[in-house]
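My entries follow in the order I worked.

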Amino acid sequence: MLIAHISDTHIATGPLGAEPARQLHRALGRLLALDRRPDCVVITGDVANDGTQAQYEAFRTILGSYPLPVHLVAGNHDEPKMMLSQFAGTALFGGQDCSYYTVSYPDALLVVLDTHVPDSPAGHLDDAQLHWLAGVLDGASSPAVVALHHPPITTGIGFLDGMGLINAAELGEVIRSRPVVQRILAGHVHRAIVGTFAGAITAIAPSLYRQASLTLSGADPVSYTHEPAGALLHLRSGENWATHFLPTDAPGATLGYF
């Protein structure tokens, strides 16, 4: 099982839309050119910059006839209802009409959560969704990969930790007693970070748009830095998992076309 993990594409329209569109198209092409194609691509939120219909239409245009399954997670910049109006019932939402859903693969169960809170940069999971997650994990017959936008871990970047997952402890109670969860995938921070949460490896993908500075000195605001955009590749081999970082805008990188 090979899961490609990208995040925070921030697709926009108008004069500022060219760079995020180029970065997404390049990343998708980079994944196609791998000597082993991923089984799926998971985008862990902030698909659009403002959650407008026009931006999701632009995303659909960029995706075009992409041959790999792509699954979307709602982020704080997204509008889940607008996303559903555009993509419900398609593979982008696992063929379902809800912003939290599952997709079964032969070697893993992908479980997508929706941490979006209207008018807030922070994330939250309500009781109904936590109860749903517990039931899904209890019934899982293969290793589970949980995807959400807001990381449940403390990254040490105070400014961003202050707008993380508000009720991470409640999520931890669900996951800690269910070791079927092998990986937690997140975004939001605009940096590649790996940690542990409730016994599961947690991997935060960098942004495809722009990267946040590594600001570890208290609650100082972050700036943006010219660092490589990239994807994470989560590879399951037997009972083992490995996560690789793949720069997607490296000079001379081989790209697949679609």
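**Entry 1: α2 and α3.** I began with helix α2 (residues 53–63) and helix α3 (residues 80–87), which pack at an angle of about 45 degrees with their axes 10 Å apart. I noted that this is a predicted model, where local features need pLDDT of at least 70, side-chain atom pairs count only at pLDDT 80 or more, and totals for chains, interfaces and linings use all residues. Residues are numbered from 1 along each chain as its sequence is written, and side-chain values use heavy atoms, with hydrogens and water left out.

I wrote down the terms. Helices are DSSP runs (H or I, at least four residues), numbered from the N terminus. Axes are lines fitted to C-alpha atoms, for helices over the stretch in contact, and angles run from 0 to 180 degrees between N-to-C directions.

How do α2 and α3 lie to each other? They are oblique. The cut-offs are under 35 degrees for roughly parallel, over 145 for roughly antiparallel, 65 to 115 for roughly perpendicular, and oblique for the rest. The crossing of α2 and α3 is right-handed (the near helix is turned clockwise from the far one by less than a right angle).

Next I looked up the contact (heavy atoms within 4.5 Å). From α2 come Gln53, Tyr56, Glu57, Phe59 and Arg60; from α3 come Met82, Met83, Gln86 and Phe87. I sorted this α2–α3 contact into five nonpolar, two polar and two charged residues. Here Ala, Val, Leu, Ile, Met, Phe, Trp, Tyr, Cys and Pro count as nonpolar, Asp, Glu, Lys and Arg as charged, and the others, Gly among them, as polar.

**Entry 2: α1 and α2.** I turned to helix α1 (residues 18–32). It packs on α2 at about 35 degrees, and the axes are 10 Å apart. This crossing of α1 and α2 is right-handed. Ala21, Leu24, His25 and Leu28 of α1 meet Phe59, Ile62 and Leu63 of α2. The α1–α2 contact has six nonpolar residues, one polar and no charged. I see Phe59 in the α1 contact and in the α3 contact.

**Entry 3: α4 and α6.** The axes of helix α4 (residues 127–138) and helix α6 (residues 168–176) come within 10 Å and cross at roughly 15 degrees. That makes the two roughly parallel. I found the crossing of α4 and α6 to be right-handed. On the α4 side I listed Asp127, Leu130, Leu133, Ala134 and Leu137, and on the α6 side Glu170, Leu171 and Val174. The α4–α6 contact divides into six nonpolar, no polar and two charged residues.

**Entry 4: pockets.** Which residues lie nearest the centre of the largest pocket? They are His10, His77, His190, Arg210 and Tyr224, out of 21 lining residues. On a 1 Å grid over the protein atoms alone, a pocket is an open set of points with protein on both sides within 12 Å along at least five of seven lines; lining residues have an atom within 4 Å of a point. Its volume is about 330 Å³. A volume is the space filled by probe spheres set on the points, which are joined across faces, edges and corners. The lining of the largest pocket has 12 nonpolar, six polar and three charged residues.

The second largest pocket has about 220 Å³. Its lining includes Glu79, Lys81, Tyr100, Asp114, His116 and Gln129. That lining divides into four nonpolar, four polar and four charged residues.

**Entry 5: cavity.** I found one cavity of 30 Å³ or more (a 1.4 Å probe fits but cannot get out). Pro151, Ile153, Thr155, Leu160, Asp161, Gly164 and Val189 line the largest cavity.
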